[in-house]
Amino acid sequence: MLFTSGEFLFVYLPLTLALFFLIARWAGDAAAAAWLVLASFVFYAYWLPVYTALLALSIVFNYTLGRWIAGCDAQHAKLRRLLLFVAVAANLAVLGYFKYANFFLDTLTALFGRSLGSLNVILPIGISFYTFTQIAYLVDVYAGKVKESNPLHYALFVTYFPHLIAGPILHHAEMMPQFALPHIYRPRLENFSSGFAFLLIGLAKKVLVADSWAPRANDVFDSTAGATLMPGSAWGAVLAYTLQIYFDFSGYSDMAVGLSLLIGVRLPFNFNSPYRATSIVEFWRCWHMTLSRFLRDYLYFALGGNRHGPVRRYANLLITMLLGGLWHGASWTFVIWGGLHGLYLMVNHAWRSAAERTARLMNRPLPGLLQAGGRGLAFMLTLLCVMVAWVFFRARGFEDAQRILACMFSVAGCAGTHGPPPGEGVVSSYRAGWITAMWFAASFAAAVVGRNSQQWVDGPYAAAMRRVSSSAWRTLALGAIIGAEVTAIAMLALISASRSVTEFIYFNF
Amino acid sequence: MRLATVFAVVCSLTAGTMLTLLACEALLRLLPVQNGLFAADPSSDWPVHHLMAHSRYTFSDAWDLRNVHHGATNGMGYVAPFEYLPASAGIVVVGDSFVEGVVNEYADTLQGQLAQRLTDAPPVLNFGTSGASLSDYIGLGPMVSKSFRVQWVVILVVSGDFTDAFTPQPGFFVWSPDRTPPVRLIPQTATDPATKFLRTLAVVRYAKGNLKLSLSHLLHTSVTVAARPCVPAVLQPGDTRLIESYADSLPAAYGVAAAHVILIFDADRQELYRSNGARASEACPTRDGLARQLLARQAAAHGERAIDMAPIFAAYFRATHQRVDYSPIDWHWNVVGNRLAASEVARVVNGEAAEPPQRDPSGLPEEMN
């Protein structure tokens with residue numbers, strides 16, 4: 001079920017919330033939590049019911065193994081390690097089968113020139129997300145960091161519908177304790193107001209911006225190898241995709257945060273204006289932050305991080321990013337995307353070390369103008385690097401990516417292509433050029449300049465809500481605000497429904 | 001929670017909702033939201049669905065109000081900048097929204113461009129109605145031929161035209177169950193006052209006209225499973241006889257000779273663009289597509305003219321890499337699509353194509369060379 005769909009917004013969400021609070025009031029918090037688990041399973045089953053069993057099995061298996069690991073005392077260290085190994089291996093095996101089996105078969109076929117056949121496997125939606133969250137849980141149980149052991153809260157932590165399908169990748173330590181708090185089981189107008197605000201912003205990002213840029217990107221990325229491609233259209237498509245993926249995924253994440261806030265549970269933020277970054281290091285601190293955190297804590301640090309000198313550090317960075325790329329999808333283009341970011345990070349760290357050394361030698365700061373110019377240049381270079389990597393991320397294959405990149409950077413134009421006949425003036429899309437340019441400027445400004453969603457909602461909006469909450473008109477004012485937000489959400493849902501189905505990009509991962 | 005609190009919450013929620021809707025209404029009234037494209041109340045002399053007569057309209061598409069066009073309907077409730085004179089001679093163009101013509105300026109429509117290309121010809125009368133299908137194209141014939149002296153009839157057949165005619169809709173013809181007569185009209189009732197009031201609201205017009213709001217759209221399945229492999233469809237029992245009888249009855253329905261019936265068949269343009277101009281026919285046969293192919297063959301066998309736009313659009317796309325429609329947002333033909341079709345029809349009507357149109361070996365339509 002898509003967060004943007006009418007069936008979710010007008011049927012599933014009101015029913016789930018209403019029953020959650022009613023059950024909590026009349027049957028207790030545990031029953032309400034159980035209802036939320038059940039509702040989350042329904043949410044998941046709506047896509048393909050058969051994979052609900054896989055999700056349920058995964059939860060039972062990981063929770064049981066987690067309890068066994070936790071139950072082993074210091075005298076059984078080997079057994080604990082073995083249990084952890086078995087549990088992680090089993091998770092990776094399931095993920096490998098469903099997500100990577102065909103990829104490996106295809107790769108072997110390409111290597112040996114003989115077809116090894118393929119498996120007719122449908123990727124269970126959200127498997128990458130719920131596998132990673134549970135591996136993190138197991139590792140932390142092994143490390144003795146897990147305090148909460150309520151099976152209901154564990155099941156809710158994994159299945160919790162706001163994050164189940166496309167994240168954010170949650171950490172048990174920030175989620176399970178929240179499910180134990182009694183206040184989340186009581187409806188609060190303040191939570192509704194903030195939750196709907198996030199939901200509204202996320203929905204607007206997805207429906208008004210991401211889905212508007214998608215056709216322009218698809219036109220080029222989904223065209224056949226022989227299709228006409230001009231440098232302008234190649235750049236246009238890559239820019240469009242750069243905006244689409246940001247507004248799509250950050251919109252989804254905002255919606256997830258908002259949906260969870262309706263219940264009073266805080267989810268971690270996933271984005272913090274990444275296109276504002278002036279370096280790749282900064283970009284990764286602001287892009288898909290929960291994945292970056294997971295990769296850092298459970299992969300990069302596990303590999304040794306930066307504790308074994310610069311060479312190992314760079315190697316660890318590259319391995320982490322290559323695997324991060326592969327996590328996104330079973331395709332070499334994702335590996336290249338990850339590899340490119342690994343290389344960017346290596347160069348960035350090397351540059352930073354060199355710059356620090358130079359600054360020490362100069363012993364005085366650079367003039368302000370030079371610093372500002374440098375920041376501008378760094379911003380553009382970072383964005384360009386990110387865009388180049390997006391080409392591999394979006395392209396259907398390596399050759400398509402090569403074709404588009406060659407066209408983008410070709411001085412002489414794209415080989416074998418020709419423009420429209422003079423004076424024709426009819427193009428594939430009938431939105432006027434100046435409107436497209438204005439829309440691009442607005443979208444880009446929204447991504448780069450000004451406050452982002454959490455800065456808005458947790459900043460001036462929260463301050464205004466605090467004033468409203470302390471006033472005599474609290475109930476009336478909050479009710480009116482919520483009514484306005486819900487109406488705006490309904491309007492956006494209608495706009496979304498007026499188009500063909502547009503899934504969130506990260507549903508594929 | 002006390003009852004008073006619940007009451008306060010409900011009242012304030014309603015107030016917030018109403019205020020937001022009012023703000024939307026005020027904003028949308030300033031913008032070119034669809035307007036004026038309202039169904040006329042049924043009348044005994046013209047009982048089929050048509051627009052309100054002498055109505056100025058604004059057309060715009062999608063949520064962001066693209067492709068804005070303004071125009072007016074004539075006294076019969078069809079989009080045309082002139083009146084249809086009773087008992088006068090005319091070339092009749094029939095079709096669904098492709099022909100209705102609100103998506104383009106009148107001069108850029110099929111009928112508008114056809115009129116420009118004809119020499120010494122009577123006016124081109126547009127009877128296109130959004131939502132019409134094959135059953136309407138024949139059902140309309142006796143009504144039109146009773147009111148006008150039809151010289152030629154041009155019918156634009158697009159995807160869904162055969163199967164859509166099985167779905168009854170008030171004011172439209174539907175395939176008759178016993179096929180004798182082949183079609184029957186579903187009676188239309190007058191629009192109730194509440195609906196007439198609602199359609200004055202810009203919010204409602206935006207939702208219904210621009211966003212094409214419907215419950216099925218709103219509650220559609222939100223996650224698509226991987227594309228299913230092609231299972232080629234076949235015609236169902238009775239389809240062949242229905243199409244044969246249709247092709248046979250068309251000239252009589254409009255009171256013209258078979259040679260003066262021109263059927264234009266649209267291409268599968270999704271496939272055309274997907275294949276970069278290599279193919280413009282259905283990759284996976286459907287019942288509707290098979291019926292339209294059969295109709296083209298039957299029409300030709302009965303001496304009618306069948307124009308297949310697939311090779312023409314494909315040649316144009318290969319030569320220019322420009323689309324003949326507003327896709328991917330809207331699949332209606334744009335000025336180019338209409339121009340290519342009008343040129344083909346004009347060749348037939350002007351007597352320049354006694355035989356099926358011969359094209360340049362390059363594959364380009366004549367007018368592009």
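With a relative accessibility of 40%, B:Lys212 counts as partly exposed; buried means under 20% relative accessible area, exposed over 50%, and partly exposed in between (1.4 Å probe, protein chains only). This is a predicted model, in which local features need pLDDT of at least 70 and side-chain atom pairs count only at pLDDT 80 or more, while totals for chains, interfaces and linings use all residues. Residues are numbered from 1 along each chain as its sequence is written, chains are lettered from A and ligands numbered from 1 in the order in which they are written, and side-chain values use heavy atoms, with hydrogens and water left out.

B:Asp61 is buried, at 7% relative accessible area. Its side chain meets that of B:Lys212 in a salt bridge (3.4 Å, N to O), the term meaning a side-chain nitrogen of Lys or Arg within 4 Å of a carboxyl oxygen of Asp or Glu. B:Lys212 lies in the loop between helix H6 (202–210) and helix H7 (215–218) of chain B and B:Asp61 in strand E1 (residues 56–61) of chain B, so the pair ties together parts that are 151 residues apart in sequence. Helices (H or I, at least four residues) and strands (E, at least two) are DSSP runs, numbered from the N terminus.

## Salt bridges in chain A

Over all chains, the whole structure has 20 salt bridges. One of them pairs A:Arg293 with A:Glu174, the closest N and O atoms being 2.8 Å apart. A:Arg293 is in helix H11 (residues 289–303) of chain A and A:Glu174 in helix H7 (residues 172–179) of chain A, 119 residues apart.

A:Lys205 forms a salt bridge with A:Asp254, with the closest N and O atoms 2.8 Å apart. Because A:Lys205 lies in helix H8 (residues 189–221) of chain A and A:Asp254 in helix H9 of chain A, the pair ties together parts that are 49 residues apart in sequence. A:Lys205 is buried at 10% relative accessible area, and A:Asp254 is buried at 4%.

## Nonpolar cores

In the largest nonpolar core, of 169 residues, A:Phe8, A:Tyr275 and A:Trp390 touch the most other members. Helix H9 (residues 231–263) of chain A gives the largest share of this core, 18 residues. Domain 1 (1–186) and domain 2 (278–409) of chain A both give residues to this core, so it lies between them; the domain bounds come from an automatic or database domain assignment. A nonpolar core is a set of buried Ala, Val, Leu, Ile, Met, Phe, Trp, Tyr and Cys residues joined through side-chain atoms within 4.5 Å.
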